[in-house]
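Me: Please go through the structure below with me, one question at a time.

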Amino acid sequence: MSYLPAEWHKQSLIQLTWPHKDTDWAYMLDEVNDCFLKIAYEVLKRQSLLIVAPDPDSIRNSIDNYGADIQKLVTSKINTNDTWARDHAFITLLKEDATPLLLDFCFNGWGMKFAANYDNQINNELYFHHPVLKGEYVFCRNFILEGGSIESDGKGSLLTTEQCLLAKNRNEMNRQEVEDFLKETFNLKQVLWLKHGYLAGDDTDSHIDTLARFCSTNTIAYVKCDDKEDEHYEALHAMEEQLKTFRTLAGEPYRLLALPMVDKIEENCERLPATYANFLIMNDAVLYPTYNQPANDRKAGEVLQQAFPKHEIVGIDCRALIKQHGSLHCVTMQYPQGVIK
């Protein structure tokens, strides 16, 4: 029997897939590189980091020059389309004896919205041709699934959204068929389906990691909108009301912690999908996105400190990342203990 560990399970390493001149970041490469360097620096202060890129040597030099500890840095030279490791990286299960199972799902660019021909091969390259990960490879490429679309409590509950997992541009299956597949694949006891909630400018069809996140087996942090004039108010209010109806496996209501809504950020008259729910849980720290909104940034950090009282809460300016419609959690993927060679 195997299980899908929660993000707070003891980790081996974090993966970043680095931006380069042939990605959509080309027009703002220096800006996004600076953000990635900050993330890499904070990760390497605490645990190992895997960087996937076509030219990893230059990135290693940049990280070294930035002052980060590169002793825990692992790199792999692989062609890539983009940088959203959360959605193209392995999803890892653990057997009862702690053996990792590296599940390689198909990634189709969020429903064929963007090219993914290279990104869809990264896992195969990492395992078979640039072996840096330890575990058993599991072929799951007959199913399209992105890591940002699911949340696990590590005990058999999975949180997700109907809008993404039931989208016809992913898998042509109905809700019961998708739920049966998830339960069988991840050995789940329940799937909690959110029917409501979205962010303007989001390309992912409402990934759960932009809206609501498990922080413990009985705690969910979620985005709350108090402004009735905001376009998100009705959908996020409906999401909040539905979250109140969810129950843990013990039959108890979840402890709900409300994250603030980011004040509107626009580029070229388009609202960007900035969210504080897109945080990364690490072994001893939580890295969370900030947006140069002091009051909101501070409040989000305080809520996360409530959720993770034993973790250091570290904010990283992610205004660069949201220009390509993602944030901090989207560009990272954690691997549980036992995966690094």
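**Rings, sheet and helices**

Reply: This is a predicted model. Phe 107 has a relative accessible area of 5%, so it is buried.

Me: Is Trp 110 buried or exposed?
Reply: Buried means under 20% relative accessible area. Trp 110 has 7% relative accessibility, so it counts as buried.

Me: How many aromatic pairs does a search of the whole structure find, and which kind is the pair of Phe 107 and Trp 110?
Reply: The search of the whole structure gives 15 aromatic pairs. For Phe 107 and Trp 110 the ring centres are 5.0 Å apart and the planes stand at 85°. Planes over 60 degrees apart count as edge-to-face. The pair of Phe 107 and Trp 110 is therefore edge-to-face.

Me: What are the distance between ring centres and the angle between planes for Tyr 127 and Phe 128?
Reply: The pair is edge-to-face. Phe 128 is partly exposed, at a relative accessible area of 45%. The ring centres of Tyr 127 and Phe 128 are 4.9 Å apart, with the planes at 75°.

Me: Which residues do ring pairs link into a cluster with Tyr 127 and Phe 128?
Reply: Ring pairs join Tyr 127 and Phe 128 into a cluster with two further residues, named here.

Me: Over the face of which residue does Arg 213 lie?
Reply: Arg 213 is at 4.3 Å from the ring centre. The ring belongs to Phe 279.

Me: Which strands stand at the edges of the open sheet of 3 strands?
Reply: The order of this open sheet is β8-β9-β10, with mixed pairing. A single partner strand is found for each edge strand, so one side of each has no neighbour in the sheet. The edge strands are β8 (150-152) and β10 (190-194).

Me: In β9, which residue is the bridge partner of Ile 150?
Reply: β8 and β9 (residues 157-161) run antiparallel and are joined by 3 bridges. In β9, the partner of Ile 150 is Thr 160.

Me: What angle does the direction of helix α7 make with that of β10?
Reply: Helix α7 (residues 175-186) packs on the sheet and touches β8, β9 and β10. Its direction makes with that of β10 an angle of about 135°.

Me: How far apart are the end C-alpha atoms of helix α8?
Reply: Helix α8 (residues 233-245) has 13 residues, so at 1.5 Å a residue it should span 18 Å. The distance in the model agrees with this: 19 Å.

Me: Which strands do the buried residues of α8 pack against?
Reply: The buried residues of α8 include Tyr 233, Leu 236, Met 239 and Leu 243. The buried residues pack against β10, β11 (212-216), β12 (219-224) and β13 (255-260).

Notes: Residues numbered from 1 in each chain as written. Predicted model: local features only at pLDDT ≥ 70, side-chain atom pairs only at ≥ 80, totals over all residues. Heavy atoms only, no water. Pairing = 2+ DSSP bridges. Helix = DSSP H or I, 4+ residues; strand = E, 2+ residues; numbered from the N terminus. Contact = heavy atoms within 4.5 Å. Axes fitted to C-alpha atoms, helices over the stretch in contact; angles between N-to-C directions. Phe/Tyr/Trp six-rings, centres within 6.5 Å; stacked < 30°, edge-to-face > 60°. Buried < 20%, exposed > 50% of the residue type's maximum accessible area, 1.4 Å probe, protein only. Lys NZ or Arg CZ within 6 Å of the ring centre and 35° of its normal. Expected span 1.5 Å × (residues − 1).
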